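Q: Please pick one part of this model and take a close look at it with me. I'd like one connected walk-through, with any cut-offs spelled out as you go.

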Amino acid sequence: MFYTPPPRDPNAPPLRINLLSDTQTKPTPAMREAMAGAEVGDEQTGDDPTVNLLCARVAELLGKEAAVFMPSGTMCNVAATLVHCRRGDELLAHETAHIISREGGAHAALGGFQITQLKGADGQFTPETFRAALHPRSRYQPTQTLVSVEQTANIGGGTIWKKAALDEIVTIAKANGLITHMDGARLLNATVATGIPAHDMTEGWDSAWIDFSKGLGAPIGGVLAGSAAFIDEVWRWKQRLGGSMRQAGIVAAGCVYALDHHVERLADDHANARALARGLAQINGIVVQEPETNLVFFKPDGAGVPGDKMVAELRKRGVSLAMMDGRIRACTHLDVTAAMIEETIGYVREIVRAA
Ligand SMILES: *Cc1c(COP(=O)(O)O)cnc(C)c1O
């Protein structure tokens, strides 16, 4: 049901407001122009200059030695964890993590390693919870190899891990011989919201990646960064998974364009998310989680409208969003304006009034 819009009613008004996901952004005319004019080569042999530029830019941004261009964020997670973990190893992550429930079981199917699900509010576990889940190396327990966090935590509400907590997780991990991985699908939302540079957020993390096909507005791509030796190993998995590309500079150019033009503007998405949350919270019975970035989770049940009914009613009015883990998630992005937010709040009010 994830990311799956309700079936299209042929008589429904056209979709005008897309709050379903920041993956729904369309490349802007200027981005398309940058893509059309991209210098290209063979990506697989390292000869695509635009891909090389993008990887160098992201490696620098994240403070890592090297980086690799991937077709998706999912492939960044899959390849990174496959490099870090052997069969029978144990990875620790929050129970809502994308790697657990939204990557087709890649860790089990391809890696043969298991994931211990850590609990905690807002998609985050505390350093104490992490520490408590560690066990001494022994003959009869799995080897604990890797700890992974999401910055921002998607299902947690787009929440931002505090720098101090990230540092503490790294310190505990290193003291216990664990590798650290940051799923930074929306890392730049966190850096824009806090003013903390990305390389500070990823400091001490062995691998980290950012997604370009979410709020950054590019059509395709994620870039995974780490040590040169790690990226070498990732390349083997990229090849195995069928992720090596040819004239990928065409799409990488959209990502470079996004780095130059679409990072600072993430603040607009955050402002729109706050405005949406404020408007929804003023409607009696609607429970809203205060957004920290561009994701707004809310429950309308208290207003007499079950979540799926609200989603269906909004869709009839040309607004698309979805239920996610029992709540409605609205996602602001490049193609969502402040006026659309006001219009959506008006519809929700109207739907609640009619109930
Ligand atoms: C979207 C997302 C991914 C996967 O990225 P895709 O580019 O959609 O494959 C991984 N982790 C998190 C936290 C995400 O939100």
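**The ring cluster and the sheet beside it in sequence**

A: F125 and W161 are both buried (buried means under 20% relative accessible area, exposed over 50%, partly exposed in between, with a 1.4 Å probe and protein chains only). For F125 the relative accessible area comes to 2%, and F130 is buried too, at 0%. Keep in mind that this is a predicted model, where local features need pLDDT of at least 70, side-chain atom pairs count only at pLDDT 80 or more, and totals for chains, interfaces and linings use all residues. Residues are numbered from 1 along each chain as its sequence is written, and side-chain values use heavy atoms, with hydrogens and water left out.

Now for the rings. Phe, Tyr and Trp (its six-membered ring) pair if their centres lie within 6.5 Å; planes under 30 degrees apart are stacked, over 60 edge-to-face, the rest tilted. That rule gives two aromatic pairs. F125 with F130 is a tilted one, at 6.2 Å between centres and 50 degrees between planes. F125 also meets W161: their centres are 5.1 Å apart and the planes sit at 75 degrees, so this pair is edge-to-face. F125 is in the loop between β4 and α6 (127-133), while W161 is in the loop between β5 and α7 (163-175), so the pair ties together parts 36 residues apart in sequence. Put together, ring pairs link F125, F130 and W161 into a cluster.

What about β4 and β5 themselves? (Helices, H or I of at least four residues, and strands, E of at least two, are DSSP runs numbered from the N terminus.) Both strands belong to an open, mixed sheet of seven, ordered β2-β8-β7-β6-β5-β3-β4; two strands pair if DSSP finds at least two bridges between them. β4 (114-118) stands at one edge and β2 (66-70) at the other, each with a single partner strand, so one side of each has no neighbour in the sheet. On average, neighbouring strands here are turned by 20 degrees against each other, direction ignored (axes are lines fitted to C-alpha atoms, for helices over the stretch in contact; angles run from 0 to 180 degrees between N-to-C directions).

β5 (residues 144-150) runs parallel to β3 (residues 90-94), and three bridges join them. One of the residues involved is L92, whose bridge partner in β5 is V147.
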